[in-house]
Amino acid sequence: MAKAKASELDWNKLGFGYRDLPYRWQDEYVDGHWLGGGLTADSNMVLNEAAQVLHYGQEVFEGLKAYRTKEGKVQLFRPSDNAKRLNNSADRLLMPHYPEEKFLEAVKAVVKANEEFVPPYGTGGTLYLRPFMVGTQPLVGVTPAENFVFRVYATPVGAYVKGLTPMPYVLSKYDRAAPAGTGQAKTSGNYAASLLPEMEAKKAGYADALYLDPKEHKYVDEFSGANFFGVTKDGQFVTPKSNSILPSITKRSLLQVAEDLGLNPVEKQLTLADLDNLAEAGAMGTAAVISPVGSLTDLDGKKHVFYSETEVGPVTTKLYNALMNVQLGDAEDTHGWVVPVD
Ligand code: PLP
Ligand code: COI
């Protein structure tokens with residue numbers, strides 16, 4: 001694959017895709033410790049045919065972004081939370097921790113080495129960072145690897161969905177086989193299970209599928225790549241409490257932002273009937289940012305419209321601006337979420 005050239009990119013129309021940037025970070029876990037790692041230009045990884053990850057999916061990953069401020073500086077949003085979650089996921093899959101300070105060193109090094117690919121302020125683009133860890137040991141039996149690779153690559157991205165344009169969504173008839181009871185592991189197997197429901201949803205004209213909890217099929221869980229939120233008719237920010245969803249950093253941030261805005265936020269189990277009490281709804285995540293949910297079609301084909309199928313609601317807009325302003329450095333970072341890349 002040809003290396004990307006910053007001068008050839010249209011920053012306003014990046015889409016959400018992979019580009020082969022000049023540098024990535026790689027570290028290796030051998031004989032019970034990390035070697036230390038460093039930047040490499042090679043975007044390919046050579047794996048043995050029996051590498052654990054290829055067969056049994058011992059993999060964890062994270063997603064975070066680097067943002068360009070109005071002054072031209074570059075900053076990260078809550079990267080330590082990604083480091084902690086990666087290590088929680090690693091525990092679930094019997095993988096070693098990547099030390100938090102090494103995680104921060106790696107992420108910052110990748111941003112700095114590819115700085116010309118951090119999109120300019122005002123374009124809507126950001127530099128997406130993908131830290132991940134895989135079990136590389138050749139194994140035939142279902143056992144955990146003893147050797148691992150940790151890598152961080154970066155790619156410039158635009159909107160994952162359609163920015164602030166409301167989109168139609170559909171309830172999934174499939175379970176997304178999340179690791180039972182943990183809600184912590186972002187594993188490759190976890191995401192492969194959402195490929196079919198997501199593809200069927202897209203073919204039918206929806207932006208994505210919304211999953212119900214896999215145990216009782218009664219409560220709203222989340223989307224394939226984002227958490228769910230709603231704003232009740234009396235102005236309360238609500239988001240599902242569930243141990244089969246990914247603990248989203250964006251969600252945790254919006255719970256705080258909603259608190260700051262006086263929206264009396266609450267995490268609680270939400271049934272489909274509860275959706276009738278929502279004036280607005282949305283998807284939230286690093287990639288999705290805040291993507292308004294215009295409508296949700298249930299398994300009987302009944303369409304539930306939230307604020308509007310064409311216009312974004314006022315509270316969703318407020319939340320979006322409040323979050324983006326901190327991420328882009330346009331508002332004061334009162335919660336200590338921003339980390340400059342110097
Ligand atoms: N849920 C799923 C399944 C995801 O893949 C993501 C994206 O990382 C999220 C939620 C949002 O999490 P975060 O806000 O930490 O990016
Ligand atoms: C993220 O938001 O970082 C994710 O992992 C979502 C993914 C579907 C791109």
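Modeller: Domain 1 (6-157) and domain 2 (167-327) both give residues to the lining of the second largest pocket, so that pocket lies between them; the bounds of the domains come from an automatic or database domain assignment. This is a predicted model, in which local features need pLDDT of at least 70 and side-chain atom pairs count only at pLDDT 80 or more, while totals for chains, interfaces and linings use all residues, and side-chain values use heavy atoms, without hydrogens or water. Residues are numbered from 1 along each chain as its sequence is written, with chains lettered from A and ligands numbered from 1 in the order in which they are written.

On a 1 Å grid over the protein atoms alone, a pocket is an open set of points with protein on both sides within 12 Å along at least five of seven lines, a cavity is a set where a 1.4 Å probe fits but cannot get out, and lining residues have an atom within 4 Å of a point. The second largest pocket has a volume of about 390 Å³, a volume being the space filled by probe spheres set on points that are joined across faces, edges and corners. It has 30 lining residues, and those closest to its centre are Gly-124, Gly-125, Ala-159, Tyr-320 and Met-324. E5, E16 and H7 each supply at least two residues of this lining, where helices (H or I, at least four residues) and strands (E, at least two) are DSSP runs numbered from the N terminus. By class the lining holds 16 nonpolar, eleven polar and three charged residues; Ala, Val, Leu, Ile, Met, Phe, Trp, Tyr, Cys and Pro count as nonpolar, Asp, Glu, Lys and Arg as charged, and the others, Gly among them, as polar.

The largest cavity holds about 110 Å³, and of its 13 lining residues, Tyr-67, Phe-77, Thr-250, Thr-286 and Gln-327 are the closest to its centre. Two or more lining residues come from each of strand E5 (64-68), helix H6 (249-260) and helix H7 (314-327), with E5 giving the largest share, three residues. Domain 1 and domain 2 each provide at least three residues of the lining of the largest cavity, which is made up of six nonpolar, six polar and one charged. The second largest cavity, at about 40 Å³, draws at least two lining residues from each of strand E15 (278-285) and strand E16 (289-297).

Thr-250 and Thr-286, named above for the largest cavity, are also among the residues closest to ligand 1, along with Tyr-191, Glu-222 and Ser-248. In total 16 residues surround this ligand, counted when a heavy atom lies within 4 Å of it. Among the polar contacts (pairs of N or O atoms within 3.5 Å), an oxygen atom of ligand 1 lies 2.3 Å from a side-chain N or O atom of Tyr-191, and one lies 2.5 Å from such an atom of Thr-286. A polar backbone atom of Ile-249 is 2.8 Å from an oxygen atom of ligand 1. Taken alone, ligand 1 exposes 380 Å², and the protein buries 96% of that, by the Shrake-Rupley method with a 1.4 Å probe. H6 and E15 give two or more residues to the shell around ligand 1.

Terms used. Polar contact = N/O pair within 3.5 Å; in protein donor to acceptor, adjacent residues only side chain to side chain.
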